[in-house]
Amino acid sequence: MENQNLIDAELGRLVIRDNADRQYIYLVESGGSRGFPIVIGNAEAGEIYRVLHREEPPRPLTHQLAFDLVSGLGARIRHADIVDLKHNTFYAQLTLENEAGDVVAVVDARPSDAIALALRARCGIRVAEEVFRRTTEDGSA
């Protein structure tokens with residue numbers, strides 16, 4: 001999604017409900033008042049929880065493996081972008097760069113995976129202005 005106006009955002013909160021199939025994250029505009037929830041799965045919620053609480057399992061789980069693969073190939077995650085919202089489904093992309101800072105790949109991802117990896121990489125999260133507009137306009141997500 002080229003030529004989008006992307007707004008810096010951050011994880012506002014993670015909501016984990018015991019014995020529930022769906023968990024929630026809330027993204028908020030950095031320094032702003034807009035925000036919206038995204039429904040995520042238990043595995044992604046668990047990964048986000050582990051990163052936030054600096055807990056490492058004894059063996060790498062899927063997100064750690066993906067992060068290590070990116071690093072092992074000489075790249076790093078520059079940022080995770082929430083780029084679209086269609087039929088109540090969010091779409092995301094991860095931008096990967098090499099050591100020189102050149103973009104080497106833009107990879108489609110589920111928002112929950114992109115955010116989990118961005119938190120692990122300690123890189124920025126951005127949301128397309130259009131996504132903020134649509135989630136605050138009709139209150140849906």
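**Exercise 1.** Determine how the radius of gyration of the protein compares with that of a compact globule.

*Solution.* The radius of gyration is taken over C-alpha atoms, and the globule rule is 2.2 Å times the number of residues to the power 0.38. For 141 residues, this rule gives a value near 14 Å. The protein has 15 Å, which agrees with a compact globule. The C-alpha trace spans about 40 × 40 × 25 Å along its principal axes.

The model is predicted: local features need pLDDT of at least 70, side-chain atom pairs count only at pLDDT 80 or more, and totals for chains, interfaces and linings use all residues. Residues are numbered from 1 along each chain as its sequence is written, and side-chain values use heavy atoms, with hydrogens and water left out.

**Exercise 2.** State the order of the elements from the N terminus on.

*Solution.* Helices (H or I, at least four residues) and strands (E, at least two) are DSSP runs, numbered from the N terminus. The protein has 4 helices and 7 strands. Their order is β-β-β-α-α-β-β-β-α-β-α.

**Exercise 3.** Identify the residues with the most contacts inside the largest nonpolar core, then list what Val 127 touches.

*Solution.* A nonpolar core is a set of buried (under 20% relative accessible area, 1.4 Å probe, protein chains only) Ala, Val, Leu, Ile, Met, Phe, Trp, Tyr and Cys residues joined through side-chain atoms within 4.5 Å. The largest such core has 33 residues, and Phe 36, Ile 38, Ile 48, Ile 82, Ile 115, Val 127 and Val 131 have the most contacts inside it. Helix 3 (residues 111-121) gives the most to this core, with 6 residues. With contact meaning heavy atoms within 4.5 Å, and residues up to four places away in sequence not counted, Val 127 touches Asn 5, Leu 6, Ile 7, Ala 9, Leu 27, Phe 36, Ile 82 and Phe 132.

Key
Buried < 20%, exposed > 50% of the residue type's maximum accessible area, 1.4 Å probe, protein only.
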